[in-house]
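Take the model below one packing contact at a time.

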Amino acid sequence: MPYSSSESKKPKTTDGDADPTKSHGLSSGSYVFPLAVPSTPSVELPDEVDPCQPFDEDFEDAKSRGHQHRQHQCPFPSLKLMRSRPAQRTVPAFLFDIDGVFKTGALYSRTGAAGLRKIFDAGLPFVFLTNGGGGRTEMEYAEEMRLKLLAAETADSSTILYDVEEGDKRPSIPSDDDLKGNYHRRRRRQRGKELVLREDQMVLSYSPFRSHLEHLKSLPVLIVGSKECLRVAKQAYGFRRAVHIDDYSRDNPLLNPFKRRTVAAATKTATARAEEVRRQEATVKEGKEDEWGHGPFKAVLVFTDPSDFFDGLQIITDVLLSSRPNEVEYEKGHLIPCYFSAGDLLWKSQHRHARFGLGAFRLALESLYSARMRSLGLSEAAVKARLSHFYQYGKPTLKQFKFGRDAVLRQARRLGCRISHFYVVGDNPRSDIHGAVQMAALAQHNPKRQINDNQANKSRHQHRPNCEPSWSGLLVRTGVWSEGDPTYGAAGVFDNVNHAIDHVLRQRISDVFVA
C-alpha cells in the first residue's frame with residue numbers, strides 16, 4: 001500500500017528521555033532519527049577537506065590554483081570529529097520536478113528549500129528533471145534557482161519570493177530592510193555548506209536537443225517558443241541556422257492575417273495604417289526563404305509554448321505542408337519532423353487550478369494539422385504517416401528519464417558513490433510518477449538485474465555490480481495532483497517535498513551514513 005505522510009506520528013518521549021529534536025540527526029516535523037557513525041574501512045583525506053564535503057576533482061583543481069578553501073561547519077555533529085570517510089558509499093539518488101514541488105508559479109517554497117538542504121549537506125546525488133525551461137540555459141536556470149532557494153531558505157514566512165520569468169524584478173536575495181535583519185542572522189546560524197547547483201544538475205525539457213539532434217545543427221530549423229529560445233538554440237546548443245517563428249512571421253506577414261490587422265491597428269493614423277499594409281505586402285515576394293539564406297526548413301523544434309498561440313498553429317502547419325508556404329500550399333514530397341520538448345497537458349502555476357501546458361498546444365496542432373490535410377484530400381494513411389513525424393521529448397518519455405538518469409550517474413561518479421535506488425519526486429502522476437514506473441519496469445527486465453544466489457544473499461549495503469538500481473515515484477500534494485485522483489503507481493503520497501525526502505532518509509539512513 002502506498003505510503004502517505006498523513007499516517008506518520010510524532011515519536012513520544014518520557015521525562016527521562018533526551019529531547020529527540022536536539023539529537024544528532026535529521027529532524028523535520030514528525031520525523032526524527034539518529035545518525036549512525038560509519039565503521040567501515042576508510043581512506044584518509046587531506047586536512048583541508050571537510051569530511052562532509054564530497055571529495056572530487058574540483059578540490060585538487062582549486063588547490064593547484066592556490067585557492068583558499070573555506071571551512072564549513074559539518075551539518076551532522078556526530079560525524080564532526082571524523083577525519084576520514086568510506087572509500088565509496090552506496091546511496092539513494094533523487095530526480096526532482098520543479099513546478100508544483102519547489103515552487104508554485106512564481107512563489108518558491110521554504111519547505112522545498114529545507115528539503116534540498118538535507119540532500120545537499122548529506123552529499124547525495126540529485127538532479128532537477130523539469131518539463132519547463134523558459135528559454136534559459138541550464139547554467140542560467142541553475143544560478144537563478146540557487147538564488148531563489150537561498151532566498152526561500154532564509155526568508156520570513158511572510159516574505160513572498162517571485163520568479164523572474166513572471167516579470168518580477170525584485171532582488172533574488174532579500175535585503176535587510178525586506179527581512180528586518182533576519183537574513184544575515186539566519187545565514188550565520190545555518191549549518192552546512194553554501195548551496196551550489198551545477199549546470200549538469202539541470203535537465204530542462206529541451207536539454208536533450210543539444211545531443212540528440214546533432215544531425216540538425218548545420219541545417220535550417222524553425223524554433224518555436226519564447227524569444228530567448230533562439231539564443232539557447234544558436235549559442236548554447238549550436239543550431240547555427242535556426243530561425244525564430246516570430247522573425248519568420250514578421251517577414252511573412254500575410255501568413256497570419258490576424259497579426260497583420262493587429263499591427264496595422266496599432267498605428268495612429270489612416271495614412272500610417274495604409275503605409276504599414278503596403279510595407280507588409282511588399283515584404284512577401286517569391287523566394288523569400290532563399291533570400292534569407294537558410295532555404296526550406298528541415299525540422300521544427302518546439303522549445304516552449306509559443307507567445308502567440310494562433311501564430312504558432314498557422315505557421316507550423318504551413319511549414320509542415322510546404323517548403324515554400326508563400327507559393328505552394330502542399331508538397332507531397334515535403335516531409336519534415338516536428339520535435340516537442342514537453343507534453344504536459346497541465347501544470348501548476350499560482351492560479352488555484354492547473355493551467356494548460358505545452359501538451360495542450362501539441363493536441364491543438366495535431367487536430368488542426370490533421371483537419372487541414374483531410375481538407376486537401378489526403379487519405380487517412382497519409383495523415384497518419386505525416387503525424388508519425390511528431391516526436392515527443394520531456395516527461396514521461398523514456399528518452400527524457402534516461403537522459404536524467406545519465407546526469408545522476410555522472411554526478412554520482414563525481415561524488416565517488418554508487419546509487420542504490422532512484423527516487424523521482426513530483427506533483428504530476430501522469431508525467432513524474434508514470435515515468436518512474438516505466439523506468440522501474442525497464443530496470444526490472446534489464447539483463448543486468450539477473451543476480452545469482454550468492455549476490456542475493458549479500459548485504460544490501462554492498463555494491464552488486466550486476467544489479468541495476470530500481471526506481472520509485474513519490475507524489476506530493478503541492479501541485480497538479482488532488483485527493484481522489486489516480487496516483488499511477490506512486491510509492492507514497494506526501495504533503496510536500498520535505499516530507500518525501502524525510503521518508504527516504506528514514507528508510508535509507510544506513511545507506512546514507514554507513515557504507
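In this predicted model, the axes of α13 and helix α14 (residues 380–387) come within 10 Å and cross at roughly 145°. Axes here are lines fitted to C-alpha atoms, for helices over the stretch in contact, and angles run from 0 to 180 degrees between N-to-C directions. Helices (H or I, at least four residues) and strands (E, at least two) are DSSP runs, numbered from the N terminus. The crossing of α13 and α14 is right-handed. A crossing is right-handed if the near helix is turned clockwise from the far one by less than a right angle, and left-handed if anticlockwise. From α13, the residues E366, Y369, S370, M373 and R374 meet E380, V383, R386 and L387 of α14. Contact means heavy atoms within 4.5 Å. By class, this contact has four nonpolar, one polar and four charged residues. Ala, Val, Leu, Ile, Met, Phe, Trp, Tyr, Cys and Pro count as nonpolar, Asp, Glu, Lys and Arg as charged, and the others, Gly among them, as polar.

Residues are numbered from 1 along each chain as its sequence is written, and side-chain values use heavy atoms, with hydrogens and water left out. Local features need pLDDT of at least 70 and side-chain atom pairs count only at pLDDT 80 or more, while totals for chains, interfaces and linings use all residues.

Now turn to the other helix that meets α13. Helix α12 (residues 309–321) and helix α13 (residues 358–375) have axes that come within 10 Å and cross at roughly 45°. The two are therefore oblique to each other. Angles under 35 degrees count as roughly parallel, over 145 as roughly antiparallel, 65 to 115 as roughly perpendicular and the rest as oblique. α12 passes α13 in a right-handed crossing. On the α12 side, the contact uses F309, G312, L313, I316, T317, L320 and L321; on the α13 side, A360, F361, A364, L365, L368, Y369, R372 and M373. Twelve of these residues are nonpolar, two polar and one charged.

How do α2 and α3 pack? Helix α2 (residues 110–121) meets helix α3 (residues 138–154) at an angle of about 105°, with the axes 8 Å apart. α2 and α3 are therefore roughly perpendicular. R110, A113, L116 and R117 of α2 touch L149, L150, A152 and E153 of α3. This contact holds five nonpolar, no polar and three charged residues.

Next, the sheet. Five strands form an open sheet in the order β12-β11-β13-β14-β17, with parallel pairing. Two strands pair if DSSP finds at least two bridges between them. β12 (242–244) and β17 (390–392) stand at the edges with a single partner strand each, so one side of each has no neighbour in the sheet. Neighbouring strands are turned by 25° against each other on average, direction ignored. Three bridges join β11 (residues 221–224) to β12. L222 has V243 in β12 as its bridge partner.

Two backbone details lie in loops. A cis peptide bond joins K395 and P396, with omega about 10°. P396 sits in the loop between β17 and α15 (398–415). Y488 has a positive phi, near 55°. Y488 lies between β19 (470–476) and β20 (492–494).

Finally, confidence. pLDDT is the predictor's confidence in each residue, from 0 to 100. The chain averages 76, and 64% of the residues score at least 70. Over residues 7–86, pLDDT stays under 50. Residues 157–191 are also below 50. Where pLDDT is low, the predicted coordinates should not be read in detail.
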